[in-house]
Amino acid sequence: MAEIDLAVVFSRGWCTFALAFDGRSVSIKNHWASDRFPELLRCVNTLLDGAESVSCRWQGPVHEGHFIDLVADPAGGVSVAVHDFRHPDGSEFSEIWSAERGDSLFCVHVKLADFTIALASALRRVRVTAVDASGMIEDYPRPFPQSEFERIETRAARYGYHPKPLSEFADL
């Protein structure tokens, strides 16, 4: 069975969230000015707390962006969908802050355990390689959401996740 590949990368004020599974992939960016990274982690924790579905706006610096939707099922799976904003060039608040989804860019169904472990691994990489001693994410002027990360990592451990030792991070 295919494994989900998940990455979170910070560079030049942008946070890139990338997913790949079974030959399909998506890579979307969020600007630090509308920092949605902590919100995504809160959404995942809400899902892991038992919510059936969650949604996160993954917005650019003004109006362009995406919706990330996660829906858990009773069999231990999660459906992950990414849609464009319906009005990516909106000029009115009603368009910029619309709840309407645009085109579907990515949709997969995976085991919740696999998704949680992949996210915990991606977050561990960020924490070890891109967060300074004060807790700020380098090249993205925002603090790393440590408590949200710890909650995700704790849940991933229940699924068999084991954090990589520092020596295994080539970026160091």
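Modeller: Start with helix α3, which lies across β5, β6 and β7 and runs at about 105° to β7. Keep in mind that this is a predicted model.

Biologist: Which strands make up the sheet, and in what order?

Modeller: The sheet is open and has 4 strands in the order β4-β5-β6-β7, with antiparallel pairing. From one strand to the next, the twist averages 15°.

Biologist: What makes β4 and β7 edge strands?

Modeller: Each of them, β4 (53-59) and β7 (101-111), pairs on one side only.

Biologist: Which strands does α1 touch?

Modeller: Helix α1 packs on the sheet and touches β4, β5 and β6. The direction of α1 makes about 170° with that of β4.

Biologist: How do α1 and α3 lie relative to each other?

Modeller: Two packed helices are described by the angle between their axes and the distance between the axes. Here, the axes of α1 (residues 37-48) and α3 (residues 112-130) come within 12 Å and cross at roughly 150°. The crossing of α1 past α3 is left-handed.

Biologist: Which residues make the contact between α1 and α3?

Modeller: From α1 they are Phe37, Leu41, Val44, Leu47 and Leu48, and from α3 they are Leu112, Phe115, Thr116, Leu119 and Leu123. Sorted by class, the contact has 9 nonpolar residues, 1 polar residue and no charged residues.

Biologist: Why is Asn45 called buried?

Modeller: Buried means under 20% relative accessible area. Asn45 has 0% relative accessibility, so Asn45 counts as buried. This residue is found in helix α1. Not counting residues up to four places away in sequence, Asn45 touches Glu148, Arg151, Ile152 and Arg155.

Biologist: What makes the pair of Arg24 and Asp22 a salt bridge?

Modeller: The cut-off is 4 Å, from a side-chain nitrogen of Lys or Arg to a carboxyl oxygen of Asp or Glu. For Arg24 and Asp22 the distance from N to O is 3.9 Å, so the pair is within the cut-off. Asp22 counts as exposed because its relative accessibility is 53%, and exposed means over 50%. Arg24, at 37%, is partly exposed.

Biologist: Which parts of the chain does the salt bridge of Asp69 and Arg101 tie together?

Modeller: The side chains of Asp69 and Arg101 meet at 2.7 Å, N to O. Asp69 lies in strand β5 and Arg101 in strand β7, so the pair ties together parts that are 32 residues apart in sequence. Asp69 is buried, with a relative accessible area of 13%, whereas Arg101 is partly exposed at 29%.

Biologist: What makes Glu153 and Arg124 a link between distant parts of the chain?

Modeller: Their side chains meet in a salt bridge of 2.5 Å, N to O. Glu153 is in helix α4 (residues 146-158) and Arg124 is in helix α3, 29 residues apart. Both Glu153 and Arg124 are buried.

Biologist: Where is Pro163, and which residues is Pro163 in contact with?

Modeller: Pro163 is found in the segment after α4. Leaving aside neighbours within four places in sequence, Pro163 is in contact with Arg124 and Glu153. The C-alpha atoms of Pro163 and Ser121 are separated by 6.9 Å, and these residues are 42 residues apart along the chain.

Biologist: Why is Pro163 called partly exposed?

Modeller: Its relative accessible area is 41%. That value lies between the limits of 20% and 50%, so the term is partly exposed.

Technical notes
Residues numbered from 1 in each chain as written. Predicted model: local features only at pLDDT ≥ 70, side-chain atom pairs only at ≥ 80, totals over all residues. Heavy atoms only, no water. Axes fitted to C-alpha atoms, helices over the stretch in contact; angles between N-to-C directions. Helix = DSSP H or I, 4+ residues; strand = E, 2+ residues; numbered from the N terminus. Left-handed = near helix turned anticlockwise from the far one by under 90°. Contact = heavy atoms within 4.5 Å. Nonpolar A, V, L, I, M, F, W, Y, C, P; charged D, E, K, R; others polar. Pairing = 2+ DSSP bridges. Buried < 20%, exposed > 50% of the residue type's maximum accessible area, 1.4 Å probe, protein only.
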